[in-house]
2 protein chains.
Amino acid sequence: MTDGNGVTPLDGHLGYWLRFVSNQVSHAFATKLAARGVTVAEWVVLRELFERDAVAPSALAERLGMTRGAISKLADRLATKELITQGPDPARLPHDRRYQTLALTLDGRALVPELSALADRNDAEFFGHLDPGERVVIEEAMKGIVRRLGLRSVPVE
Amino acid sequence: MTDGNGVTPLDGHLGYWLRFVSNQVSHAFATKLAARGVTVAEWVVLRELFERDAVAPSALAERLGMTRGAISKLADRLATKELITQGPDPARLPHDRRYQTLALTLDGRALVPELSALADRNDAEFFGHLDPGERVVIEEAMKGIVRRLGLRSVPVE
DNA sequence: GCGCGATAGTTTCCTTGTCAACCACTCAGG
DNA sequence: CCTGAGTGGTTGACAAGGAAACTATCGCGC
């Protein structure tokens with residue numbers, strides 16, 4: 001797996017191909033989302049809030065593998081777009097005023113299924129032609145890696 | 001593939017898993033490279049220059065899927081670290097003074113095999129346990145996607 | 001009750017990339 | 001010639017995230 005120089009070519013690494021394709025997929029998705037005025041990171045947050053309404057910023061940071069600072073700014077952006085609301089945690093009030101809660105607005109909630117359709121389309125464009133066997137192998141391999149290395153989210157160093 | 005809401009779960013997309021793993025791989029690699037004071041983008045440039053000495057910035061931009069502006073700044077950084085040299089294109093001189101050429105310094109050239117070893121190790125950590133069959137399926141699927149969609153590099157919109 | 005450490009969130013600074021305007025240079029047509 | 005279109009490279013404004021310092025708040029131990 002080395003060339004004449006004793007140095008592995010870039011594309012000799014599986015990681016190279018994964019990165020290449022993954023970047024393309026994300027980029028294509030970002031373009032689709034941009035038409036709706038949303039970034040990929042914003043989409044992920046919206047999607048997360050759709051599932052479990054009323055989430056604490058730090059919990060989001062944990063789940064999404066971003067820093068609390070990043071979530072803080074992201075939340076501000078989404079609030080400005082009127083897609084989410086920020087407020088004190090009603091479940092904890094009046095006890096702990098440190099906690100915040102993010103939740104979808106009606107607009108935000110209505111938007112998620114539309115964006116989800118874009119995500120489906122995007123995935124199909126890239127992976128739709130794979131035969132089910134291949135698909136399973138790839139998906140299981142990825143899940144296996146995640147499990148084996150105990151990966152949670154990106155920044156956990 | 002949809003949950004009760006009629007919305008596909010995030011992890012129902014193959015792209016999600018690819019991105020997840022790919023991010024982890026890159027992040028782990030970035031950490032290893034950081035110990036040598038190099039970023040992933042810089043590594044890719046060094047690796048590219050290692051193969052074909054004397055490359056034009058715009059050619060690099062094309063190959064690596066970055067803008068010319070990004071390469072310009074990246075080259076400055078690498079030059080500051082004395083890993084590459086920037087100069088007029090000797091092959092074209094004295095004809096076209098617009099062309100520039102990037103080339104590794106001796107330090108830069110000596111560094112590549114060391115970084116390559118890190119890349120090998122990183123890839124092995126994540127993918128070393130896959131059996132050869134799985135590996136081939138994944139790699140071929142990725143290459144197939146690249147070929148099928150005529151992908152060249154990220155930004156080609 | 002008080003103070004001190006932990007914890008949630010915010011803010012500041014830094015890095016790195018894109019985008020778009022810009023400069024320098026070449027060359028082809030009049 | 002000289003002008004103008006095209007190309008290679010650089011620069012400046014901006015976006016987005018990470019790291020770390022900072023703020024506000026809480027609750028435990030004395």
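Predicted model: local features only at pLDDT ≥ 70, side-chain atom pairs only at ≥ 80, totals over all residues.
Residues are numbered from 1 along each chain as its sequence is written, chains are lettered from A, and side-chain values use heavy atoms, with hydrogens and water left out.

**Relation of the chains**

The same surface serves both copies, as 100% of the contact residues of chain A recur in chain B; contact means heavy atoms within 4.5 Å.

**The nonpolar core**

The largest nonpolar core has 30 residues. Such a core is a set of buried Ala, Val, Leu, Ile, Met, Phe, Trp, Tyr and Cys residues joined through side-chain atoms within 4.5 Å. F127(A), I138(A), F127(B) and I138(B) have the most contacts inside it. Helix 1 (14-34), helix 5 (106-127) and helix 6 (132-148) of chain A and the helices with these numbers and ranges in chain B each supply at least two residues of this core; helices are DSSP runs (H or I, at least four residues) numbered from the N terminus. Beyond its neighbours within four places in sequence, F127(B) is in contact with L14(A), G15(A), L18(A) and I145(A), and also with V21(B), V25(B) and R135(B).

**Helix packing in chain B**

Helix 1 of chain B and helix 5 of chain B pack at an angle of about 145°, with their axes 10 Å apart. Axes are lines fitted to C-alpha atoms over the stretch in contact, and angles run from 0 to 180 degrees between N-to-C directions. Among the residues making the contact are V25(B) of helix 1 and F127(B) of helix 5.

**Two buried residues**

Buried means under 20% relative accessible area (1.4 Å probe, protein chains only). The contacts in the table leave out residues up to four places away in sequence.

| Residue | Helix | Relative accessible area | Contacts |
|---|---|---|---|
| E139(B) | helix 6 of chain B | 13% | D11(A), L14(A), W17(A) |
| A119(A) | helix 5 of chain A | 7% | F29(A), W43(A), H13(B) |

A119(A) and W43(A) are 76 residues apart along the chain, and their C-alpha atoms are separated by 9.7 Å.

Conventions: Buried < 20%, exposed > 50% of the residue type's maximum accessible area, 1.4 Å probe, protein only.
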